[in-house]
Amino acid sequence: MKPPKRHKVKITVKEVTKGNCPLEMKPGDSWVYHRTVPEGICLAAFSTLIPAIRTFGAPGGKFSWPDGEEEKTESVRLSCPDPRHWVIYEVSRLR
Ligand SMILES: [Zn+2]
């Protein structure tokens with residue numbers, strides 16, 4: 001049996017709420033994930049986005065926080081882990 005087809009996933013910078021990203025990630029920057037790390041994206045941020053990327057790449061995959069609230073079926077916002085700057089990304093399923 002063939003494995004189910006995976007969705008491509010879109011990654012978008014939504015806002016920068018503190019400081020300036022040293023890699024100059026800015027609102028509106030976006031990438032499409034399809035099997036390999038997209039060129040130019042901050043690796044620290046990407047490492048944090050991986051669980052959401054895998055979730056929304058899987059057909060029917062849902063993302064939820066540890067408290068089980070706010071189950072996300074199409075997209076979620078996550079932050080780059082660098083505490084010196086807060087770059088907020090949205091990871092969404094492409095249909
Ligand atoms: Zn970053």
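**View 1. Strands β1 and β4 pair in a predicted model.** Eight bridges hold β1 and strand β4, residues 86-93, together, and the two strands run antiparallel. Within this pairing, I11 stands opposite V91 of β4. The model shown in this and the other views is predicted.

**View 2. Strand β1 also pairs with strand β2.** β1 covers residues 9-18 and β2 covers residues 30-33. The two are antiparallel and are joined by four bridges. One of the paired residues is V9, whose bridge partner in β2 is Y33.

**View 3. Strand β3 pairs with strand β4.** Five bridges connect these antiparallel strands. V76 has V91 of β4 as its bridge partner. V91 is also the residue of β4 that I11 stands opposite.

**View 4. Four strands make up an open sheet.** The strand order is β2-β1-β4-β3, with antiparallel pairing. β2 and β3 (75-79) are the edge strands, each pairing on one side only. On average, neighbouring strands are turned by 25° against each other, direction ignored. Helix α1 packs on this sheet and touches β1, β2, β3 and β4. The direction of α1 makes about 20° with that of β4.

**View 5. The largest nonpolar core has 15 residues.** The members that touch the most other members are I11, A45, L49, V87, Y89 and V91. At least two residues of this core come from each of β1, α1 (43-57) and β4. The largest contribution is that of α1, which gives four residues.

**View 6. Contacts of Y89.** Leaving out residues up to four places away in sequence, Y89 touches I11, T12, V13, K14, A45, L49, R77 and L78. Among these, I11, A45 and L49 are listed with Y89 as core residues touching the most other members.

**View 7. The whole chain, for orientation.** The protein contains one helix and four strands. Along the sequence they follow the pattern β-β-α-β-β. The C-alpha atoms fill a box of roughly 50 × 30 × 20 Å along the principal axes. Of the 95 residues, 17% count as buried. Among contacts with a separation of 6 or more, 57% are between residues 24 or more positions apart.

Key. Residues are numbered from 1 along each chain as its sequence is written. This is a predicted model: local features need pLDDT of at least 70, side-chain atom pairs count only at pLDDT 80 or more; totals for chains, interfaces and linings use all residues. Two strands pair if DSSP finds at least two bridges between them. A nonpolar core is a set of buried Ala, Val, Leu, Ile, Met, Phe, Trp, Tyr and Cys residues joined through C-beta atoms within 7 Å. A residue is buried if 20 or more other C-beta atoms lie within 10 Å of its own, exposed if 12 or fewer, and partly exposed in between; C-beta atoms are placed from the backbone. Two residues are in contact if their C-beta atoms, placed from the backbone, lie within 7 Å. Axes are lines fitted to C-alpha atoms, for helices over the stretch in contact, and angles run from 0 to 180 degrees between N-to-C directions.
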